[in-house]
Amino acid sequence: MEVLKVHDKKLRQVSEDISYFDDFLQLFVNQMIETMYEHDAIGLAAPQVGVNRNVIVVDPSMGEDKTAIKIMINPKITERSGTIETEEGCLSIPGFKGIVPRSEHIEVEFSDILGVSQKIKVSGILSIIIQHEIDHLHGILFVDKANSVKMVQKTKILRREEKIA
Ligand code: CO
């Protein structure tokens, strides 16, 4: 799947909830996961592949730990605490990084791929990626929230080290 870049209007729209948990959704999520791994990313939101629906996939291990993948349908942050600032990047804004303030701990409600409601508490890097991806569902990009943004060189190695979502 093609990943949309920063000026695409679809990245600025508010996405809609998924209501049918069918084979089409499974296929779409599989394609999102494939696209995320293809780009060495740690997260991807549906609007980034041109679909304004509330679907995100997250994997801080970039495919190395088969149990690390999180598929979240209609995710909502229900609790937040603490603050944490790290450098973020985004597949839709290649070549830029920024320091973004986030909540350190969050509680997220979502449906799994079968439509079953789940609630988890996460901290640290996982919390940051999930907040970054949920922002995409609201048409928000990391540069909107960053304290500072800088241009970086785009080498494959750098991308692997710095991690992008
Ligand atoms: Co992003």
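Contact here means heavy atoms within 4.5 Å. Keep that cut-off at hand for the exercises below, which work through a predicted model.

**Exercise 1. Work out how enclosed helix α2 is, and what it packs against.**

Step 1. Start with the length check. Helix α2 has 14 residues, and at 1.5 Å a residue these should span 20 Å. The end C-alpha atoms are 21 Å apart, which agrees with that figure.

Step 2. Now look at burial, where the cut-off is under 20% relative accessible area. In α2, 12 of the 14 residues are buried, so the helix is largely enclosed by the rest of the structure. Among them are Leu126, Ile130, Glu133 and Asp135.

Step 3. Next, ask who the neighbours are. The buried residues of α2 pack against the strands β1, β2, β3, β4 and β5 (117-123), and also against helix α3.

Step 4. Finish just past the end of the helix. Glycine 139 takes a positive phi of about 75 degrees there.

**Exercise 2. Trace the strand pairing around β2, and say which way its side chains point.**

Step 1. Take the side chains of strand β2 (residues 55-58). Val55 and Val57 point one way, while Ile56 and Val58 point the other way, and all are buried.

Step 2. Follow the pairing to strand β1 (residues 43-45). β1 and β2 are antiparallel, with 3 bridges between them. In this pairing, leucine 44 stands opposite valine 57.

Step 3. Then turn to strand β3 (residues 70-88). β2 and β3 also run antiparallel, joined by 4 bridges. Valine 57 stands opposite isoleucine 71 of β3.

**Exercise 3. Follow the salt bridges that involve aspartate 135, and find the network they belong to.**

Step 1. Aspartate 135 forms a salt bridge with arginine 102, with 2.8 Å between the closest N and O atoms. Arginine 102 is in strand β4 (residues 96-111) and aspartate 135 in helix α2 (residues 124-137), so 33 residues separate these distant parts of the chain. Both partners are buried.

Step 2. Aspartate 135 also forms a salt bridge with lysine 145, and here the closest N and O atoms are 2.8 Å apart. Because aspartate 135 lies in α2 and lysine 145 in α3, the pair ties together parts that are 10 residues apart in sequence.

Step 3. Compare the surroundings of the two partners. Aspartate 135 counts as buried at 8% relative accessibility, whereas lysine 145 is partly exposed at 33%.

Step 4. Glu88, Arg102, Asp135 and Lys145 are linked in a network of salt bridges.

**Exercise 4. Find what aspartate 144 is paired with, and which parts of the chain that pair connects.**

Step 1. A search of the whole structure gives 8 salt bridges. In one of them, the side chain of aspartate 144 meets that of arginine 12 at 2.7 Å, N to O.

Step 2. Aspartate 144 lies in helix α3 (residues 142-145) and arginine 12 in the segment before α1 (23-38), so the pair ties together parts 132 residues apart in sequence.

Terms used. Residues numbered from 1 in each chain as written. Predicted model: local features only at pLDDT ≥ 70, side-chain atom pairs only at ≥ 80, totals over all residues. Heavy atoms only, no water. Salt bridge = Lys/Arg side-chain N within 4 Å of Asp/Glu carboxyl O. Helix = DSSP H or I, 4+ residues; strand = E, 2+ residues; numbered from the N terminus. Buried < 20%, exposed > 50% of the residue type's maximum accessible area, 1.4 Å probe, protein only. Pairing = 2+ DSSP bridges. Expected span 1.5 Å × (residues − 1).
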